[in-house]
Amino acid sequence: DSLGCADESLRKNRDFVLAACKENGLALYHADWSLKRDRDVVLAAVIENGGALQFAHESLKRDRDFISTAAQSRG
C-alpha cells in the first residue's frame, strides 16, 4: 500500500495517513504510533477494513464507545 512505501515523515502526517486509511484500512499498520491513537484515523481505517482494529492503540481497543461507533459505522 502507499503508506508502506512512504517516507517516515509522511507516516506521521495526519492528513496523508487519514487519506491512506480511507483507501486501505490496513495501511494503519504503517502509521506512526501517535496516529494509531487518533480516533478519526483509526475509525476511517476500521470503516474501510474491520481488520485494521488490530493495529489501533490499546486505549481505543478498550474504549467501548469507540468500538460501538466503529461497529455502527461499518453497518
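In which hand, left or right, does α2 pass α3? I find a left-handed crossing of α2 with α3 (left-handed means the near helix is turned anticlockwise from the far one by less than a right angle, right-handed means clockwise).

I note that this is a predicted model, where local features need pLDDT of at least 70, side-chain atom pairs count only at pLDDT 80 or more, and totals for chains, interfaces and linings use all residues. Residues are numbered from 1 along each chain as its sequence is written, and side-chain values use heavy atoms, without hydrogens and water.

**Helices α2 and α3.** I looked up the axes of α2 (residues 14-23) and α3 (residues 39-48): they come within 7 Å and cross at roughly 15°. α2 is therefore roughly parallel to α3 (angles under 35 degrees count as such). The contact residues (heavy atoms within 4.5 Å) include Val 17 and Leu 18 in α2, and Val 41 and Ala 44 in α3. I see six nonpolar, no polar and five charged residues in this contact.

**Helices α3 and α5.** The axes of α3 and α5 (residues 64-74) come within 9 Å and cross at roughly 40°. The crossing of α3 and α5 is right-handed.

**Aromatic rings.** My search of the whole structure gave one aromatic pair (ring centres within 6.5 Å). Tyr 29 and Phe 55 are edge-to-face, at 5.1 Å centre to centre and 70° between the planes (over 60 degrees counts as edge-to-face). Tyr 29 lies in the loop between α2 and α3, and Phe 55 in the loop between α3 and α4, 26 residues apart.

Note on methods: Axes are lines fitted to C-alpha atoms, for helices over the stretch in contact, and angles run from 0 to 180 degrees between N-to-C directions. Helices (H or I, at least four residues) and strands (E, at least two) are DSSP runs, numbered from the N terminus. Angles under 35 degrees count as roughly parallel, over 145 as roughly antiparallel, 65 to 115 as roughly perpendicular and the rest as oblique. Ala, Val, Leu, Ile, Met, Phe, Trp, Tyr, Cys and Pro count as nonpolar, Asp, Glu, Lys and Arg as charged, and the others, Gly among them, as polar. Rings of Phe, Tyr and Trp (its six-membered ring) pair if their centres lie within 6.5 Å; planes under 30 degrees apart count as stacked, over 60 as edge-to-face and the rest as tilted.
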